[in-house]
Amino acid sequence: MSELVQEFNAYRARMNEKLLDNSNLTLKRLFHLDESAYKEGALSVRTKEMLGLMGSLVLRCDDCIKYHVGQCHVVGATKEELLEVFSIALVVGGTIVIPHTRRAIEFWEALEQENA
């Protein structure tokens, strides 16, 4: 596994466990709501992950971007689809999104290397 991908996934899992290892119902409910929102429904999981990626790019959250790039990879999105998501995010969010698209494509390439 790519070091970039491995480090991100390990950190995310470790910190999520710390956040949820308590009795705070608000945190637990929010995490559950987030998980539920991305399940199959009127929109496919694939579409929802691409929407999540677009929103994360516009909001400039690098952790969220990596997560959704990873999920897009898991659900079979193509590089061409990601590039279209990047295009929409740039139109919505402006050129300030460019650095985040660079990191997103870097993470995608790390995921692709794992499957090569």
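## Helices and the α3–α4 loop

Helices here are DSSP runs of H or I with at least four residues, numbered from the N terminus. The model is predicted. In that numbering, α3 covers residues 45-59. R60 sits in the loop that connects α3 to α4.

The backbone of R60 deserves a look. Its phi is near 60 degrees, a positive value, and the residue is not a glycine. Is R60 buried, partly exposed or exposed? R60 has a relative accessibility of 39%. Buried means under 20% and exposed means over 50%, so the residue falls in between as partly exposed.

## The largest pocket

The volume of the largest pocket is about 500 Å³. Its lining holds 17 residues, and those closest to the centre are R12, N16, F31, D34 and Y67.

Which helices each give the lining at least two residues? They are α1 (3-20), α2 (25-37) and α4 (62-74). The largest share is from α1, with 6 residues.

Across the whole structure it returns 1 aromatic pair. The partners are F8 and F107, with ring centres 5.7 Å apart. Their planes meet at 80 degrees. Planes over 60 degrees apart count as edge-to-face, so this pair is edge-to-face.

Where in the chain do the two partners lie? F8 belongs to helix α1, and F107 to helix α6 (residues 98-115).

## Cysteines

A disulfide is a covalent bond between the sulfur atoms of two cysteines. How many does the search of the whole structure find? The count is 0 disulfides.

C61 has a relative accessible area of 27%, so C61 counts as partly exposed. C64, at 32% relative accessibility, is also partly exposed. Both values lie between the 20% and 50% cut-offs.

Note on methods: Residues are numbered from 1 along each chain as its sequence is written. This is a predicted model: local features need pLDDT of at least 70, side-chain atom pairs count only at pLDDT 80 or more; totals for chains, interfaces and linings use all residues. Side-chain values use heavy atoms; hydrogens and water are left out. On a 1 Å grid over the protein atoms alone, a cavity is a set of points where a 1.4 Å probe fits but cannot get out, and a pocket is an open set with protein on both sides within 12 Å along at least five of seven lines; lining residues have an atom within 4 Å of a point. Grid points are joined across faces, edges and corners, and a volume is the space filled by probe spheres set on the points. A disulfide is a pair of cysteine sulfur atoms within 2.5 Å. Buried means under 20% relative accessible area, exposed over 50%, partly exposed in between (1.4 Å probe, protein chains only). Rings of Phe, Tyr and Trp (its six-membered ring) pair if their centres lie within 6.5 Å; planes under 30 degrees apart count as stacked, over 60 as edge-to-face and the rest as tilted.
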